[in-house]
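Trainee: I should like to understand the reasoning behind the terms used for this structure. May we go through them one by one?

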Amino acid sequence: MVEIKGLEKFGPKDFPGHISSTVFLGGCNFRCPFCHNPELVLEPEKLPSFPPDYFSTFLDSRKGWQEAVCFTGGEPLLNEDLDVLLHLVKERGLLVKLDTNGSFPKRLKRLIQEKLVDYVAMDVKAPLQRYREVTGVKVDTGKLAESIDIIRDSAPDYVFRTTVVPDLLTKKDILKVAELLKGASRYQLQQFLPGKTIDSRYDSMDPYNREELENILEAVRPFFSQVVLEGV
């Protein structure tokens, strides 16, 4: 059974245009040094889990005004039985947003085909050839490319997004990501924000300034129908 490790009862920015809550699931197969959820990624077993029936009761208590639920992590698709939770949401007529790193294309495709996901947000961490350096683990980049194609071709709605970390990604790197995602309807550049991270070196690292980020945004704009900048 999928274990819920956190629940944000109101996530105003997580599902654009909808009143939503956000569910946090533990565990991740990446070790991105700038990740802001170190406990969820590294030691999810040490975090308390919500009782199995709590989530259903929570959803029922918000009937009539909540519109959507976002599933994030960690990496939600690590859970083979994630569909159990998604069915609970869809049975109540709510929308589902799924955050993913794209490393489980078969599970992603099945959930989309079964109409259990309405909106997919895939984090594209870096150009494919730099994934091991940026994520801290060996990555099957073929699976990432497959997920990108699945999302672009069959997701009801989606966004690709990249966190722009000064120590790891340059403008040239982001342009390579843009080339990989060319033709996507929506791309989001996310400002890196210092704070508690997996690697303490990133806890106080200075982010790119707004002018630098806007320069990168203008460079990638021709590749997409819509480009947005978040976190500045």
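Predicted model: local features only at pLDDT ≥ 70, side-chain atom pairs only at ≥ 80, totals over all residues.

Trainee: How do you know that the length of helix α6 agrees with its number of residues?

Mentor: Helix α6 has 14 residues, 141-154. At 1.5 Å a residue these should span 20 Å, and the end C-alpha atoms are 20 Å apart, so the two values agree.

Trainee: Which residues of α6 are buried, and why are they said to line one face of the helix?

Mentor: The buried residues of α6 are L144, S147, I148, I150 and I151. Seen down the helix axis, they fall within an arc of 165°, and therefore they line one face. In general, an α-helix has 3.6 residues a turn, so residues three or four places apart point the same way.

Trainee: What covers these buried residues of α6?

Mentor: The cover includes the helices α4, α5 and α7, together with the strands β5 and β6.

Trainee: What makes D140 a cap of α6?

Mentor: A side-chain oxygen of D140 lies 3.1 Å from the backbone nitrogen of G142, at the N-terminal end of α6; the cut-off for a polar contact is 3.5 Å.

Trainee: How many disulfides does the structure hold?

Mentor: It holds zero. For C32, the nearest cysteine sulfur is that of C28, 6.5 Å away, whereas a disulfide requires sulfur atoms within 2.5 Å. The sulfur of C35 is 6.6 Å from its closest counterpart, in C32, and this is too far for a bond.

Trainee: Why is C35 called buried?

Mentor: Its relative accessibility is 19%, and buried means under 20%, so C35 counts as buried. C32, at 5%, counts as buried as well.

Key:
Residues numbered from 1 in each chain as written. Heavy atoms only, no water. Helix = DSSP H or I, 4+ residues; strand = E, 2+ residues; numbered from the N terminus. Expected span 1.5 Å × (residues − 1). Buried < 20%, exposed > 50% of the residue type's maximum accessible area, 1.4 Å probe, protein only. Arc of directions from axis to C-beta. Contact = heavy atoms within 4.5 Å. Polar contact = N/O pair within 3.5 Å; in protein donor to acceptor, adjacent residues only side chain to side chain.
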